[in-house]
Amino acid sequence: MFRYFALSSVLLILLLVGCSPERKLARNYVKNHKGNGVMIVPLYELYKDNLSISFDTAVKYSPEQFDSIAWVQSCYIQHVSDSLYLTTFTNSMINKLTADGYDVYVDGSSDVFLALPDPKWMVQVAQLQLNEEHNQNYYEMYSVETGEPFTEGLRINQVSLNSWLEVSRANSNNKQVLYLTGYIQDDIKRGINLSLLEGSVGLAQIRDSMTVNDVYRMALDMGQKHGELLFDYFMNDYLRENLPAGIVKRQYFRFDRKSNSLKSGLKERFEVVK
């Protein structure tokens, strides 16, 4: 009897949490947000920096010389087309927002956008920056011949994309700057190295090096991720605005598209800069 009572109590708590005002509002937003307007103001300059340069410390270089050294020594960013990268990122974000039911416009169609009913949002891509860098990772290896351990250092290349979005309601001066960063890097996996003649087994490192195409793929994936996180941002602003008086919002909700359900808490979300 006591066990049944305990289980019933847990179920009651779960039902109460599931029917919280926040969750009800979130469900309402997911159901009724379609057709809300979003204006995307794209960016026309991609910032790129190589943070992994090497140079003669005894020489005093000018800023222009530093830029030239960084450009020549880069493995990836010098091969990235600014226009193609920005177009890929922006179109991916627009496509995701459109797929989620928003009525998306770009800069140049503002008259039609402003005629839409509220709520509608302005999203300006304020800055995108690609940073190239590398680090040295050390791995413990074992000699195939002797079985003795030794340490091997491998250079791991990495390219990160940092973004800043200025987001506001249309006809409002209350902007928030949202920041997000993501990166890709070489993938190092351990494999088995067999030496049948000597009858020994060792561990080897298998390198899956990233390519320039992977950097472009990051633009596609990050654009989609920005679209997903903007949905969560808009939804939680709706919760904040519509919560009954006296209720302090304590949870941040996200919409899980795989399970078509709402979940509280976000592992991935924009950082609000200001």
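The structure is a predicted model, in which local features need pLDDT of at least 70 and side-chain atom pairs count only at pLDDT 80 or more, while totals for chains, interfaces and linings use all residues. Residues are numbered from 1 along each chain as its sequence is written, and side-chain values use heavy atoms, with hydrogens and water left out.

The pLDDT, the predictor's confidence in each residue from 0 to 100, averages 80 over the protein chain, and 73% of the residues score at least 70. Over residues 1-18 pLDDT stays under 50, and the model has three contacts beyond four places in sequence for this stretch (contact: heavy atoms within 4.5 Å). Residues 192-203 also stay under 50, with 21 such contacts.

The secondary structure of the protein chain comprises six helices and 11 strands, which are DSSP runs numbered from the N terminus (helices H or I, at least four residues; strands E, at least two). Of the 274 residues, 40% are buried, meaning under 20% relative accessible area with a 1.4 Å probe, protein chains only. Among contacts with a separation of 6 or more, 68% are accounted for by residues 24 or more positions apart.

Among the elements of the protein chain, helix α1 (residues 2-18) has the lowest mean pLDDT, 40, and α4 the highest, 97. Helix α4 (residues 82-99) has 18 residues and should span 26 Å at 1.5 Å a residue, which agrees with the 26 Å between its end C-alpha atoms; the expected span is 1.5 Å times one less than the number of residues. Buried residues of α4 include Y85, L86, F89 and M93. G101, which follows α4, has a positive phi near 105 degrees.

The axes of α4 and helix α6 (residues 212-242) come within 7 Å and cross at roughly 35 degrees; axes are lines fitted to C-alpha atoms over the stretch in contact, with angles from 0 to 180 degrees between N-to-C directions. Among the residues making the contact are Y85, F89 and M93 of α4 and Y216, M222 and L230 of α6.

S52 lies in the loop between β2 (47-50) and α3 (63-73). S52 is buried, with a relative accessible area of 14%. S52 and N135 are 83 residues apart in sequence, and their C-alpha atoms are 8.5 Å apart in space.

Key: Buried < 20%, exposed > 50% of the residue type's maximum accessible area, 1.4 Å probe, protein only.
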